[in-house]
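Morning, everyone. I'll take a few minutes on one model. Please have the sequence and the 3D view open.

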Amino acid sequence: IGDEGCKALAEGLKINRALTSINLSECDGIGDEGWKALAEGLKINKALTNIDLSRCAVVGDEGSKALAEGLKINQALTS
């Protein structure tokens, strides 16, 4: 989905109240900017309980740190 797709998804997550699960497995082409945007969406989202990031391409240091912070702040995710 790339960085732009991740940014769009993150904007949707910020206002989402119904979606509880999302599958991003095997997503290639997401760079630091995309992961950082997704992390910002996760920090705000309260509805998502499951996100599948298995087999995603390795993210850079900045993207990894941002994603870890977003996951740490999100209280709704259970898996």
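Start at Ser25. Leaving out residues up to four places away in sequence, Ser25 touches Asp52, Leu53, Ser54, Arg55 and Cys56. Contact here means heavy atoms within 4.5 Å.

Some ground rules. This is a predicted model, where local features need pLDDT of at least 70, side-chain atom pairs count only at pLDDT 80 or more, and totals for chains, interfaces and linings use all residues. Numbering runs from 1 along each chain as its sequence is written, and side-chain values use heavy atoms, with hydrogens and water left out.

Back to Ser25. The residue sits in the loop between strand S1 (21-23) and H2. Helices (H or I, at least four residues) and strands (E, at least two) are DSSP runs, numbered from the N terminus. Is Ser25 buried or exposed? Ser25 is buried, because its relative accessible area is 18% and the cut-off for buried is under 20%; exposed is over 50%, and partly exposed is in between (1.4 Å probe, protein chains only). The Ser25 side chain also makes a polar contact with the side chain of Asn23, at 2.7 Å. A polar contact is a pair of N or O atoms within 3.5 Å; within protein, one must be able to donate a hydrogen and the other to accept it, and residues adjacent in sequence count only if both atoms are side-chain atoms.

Two backbone notes. Most residues other than glycine have a negative phi. Glu26, in the loop between S1 and H2, has phi near 60°, a positive value. Arg55 has a positive phi of about 60° too, and is not a glycine. Arg55 lies in the loop between S2 and H3. Arg55 is exposed, with a relative accessible area of 58%.

Now helix H2, residues 32-44. H2 has 13 residues and reaches 19 Å from first C-alpha to last, close to the expected 18 Å. The expected span is 1.5 Å times one less than the number of residues. Buried in H2 are Gly34, Trp35, Ala37, Leu38, Ala39, Gly41 and Leu42. What covers them? The cover includes helix H1 (2-15), strand S2 (50-52) and helix H3 (61-73).

Take Gly34. Gly34 is buried, with a relative accessible area of 0%. Gly34 touches Asp3 and Cys6, again not counting residues up to four places away in sequence. From Gly34 to Ser64 is 30 residues in sequence and 11 Å in space, C-alpha to C-alpha.

Next, the packing. H1 and H2 pack at about 5°, with axes 8 Å apart. That makes H1 roughly parallel to H2. Axes are lines fitted to C-alpha atoms, for helices over the stretch in contact, and angles run from 0 to 180 degrees between N-to-C directions. Under 35 degrees counts as roughly parallel, over 145 as roughly antiparallel, 65 to 115 as roughly perpendicular, and the rest as oblique. On the H1 side, residues including Cys6, Leu9 and Leu13 meet H2 residues including Gly34, Leu38 and Ile44.

What about H2 and H3? They pack at an angle of about 10°, axes 8 Å apart. So H2 is roughly parallel to H3. H2 residues including Trp35, Ala39 and Leu42 meet H3 residues including Ala66, Leu67 and Ile73.

That's my tour. Over to you.
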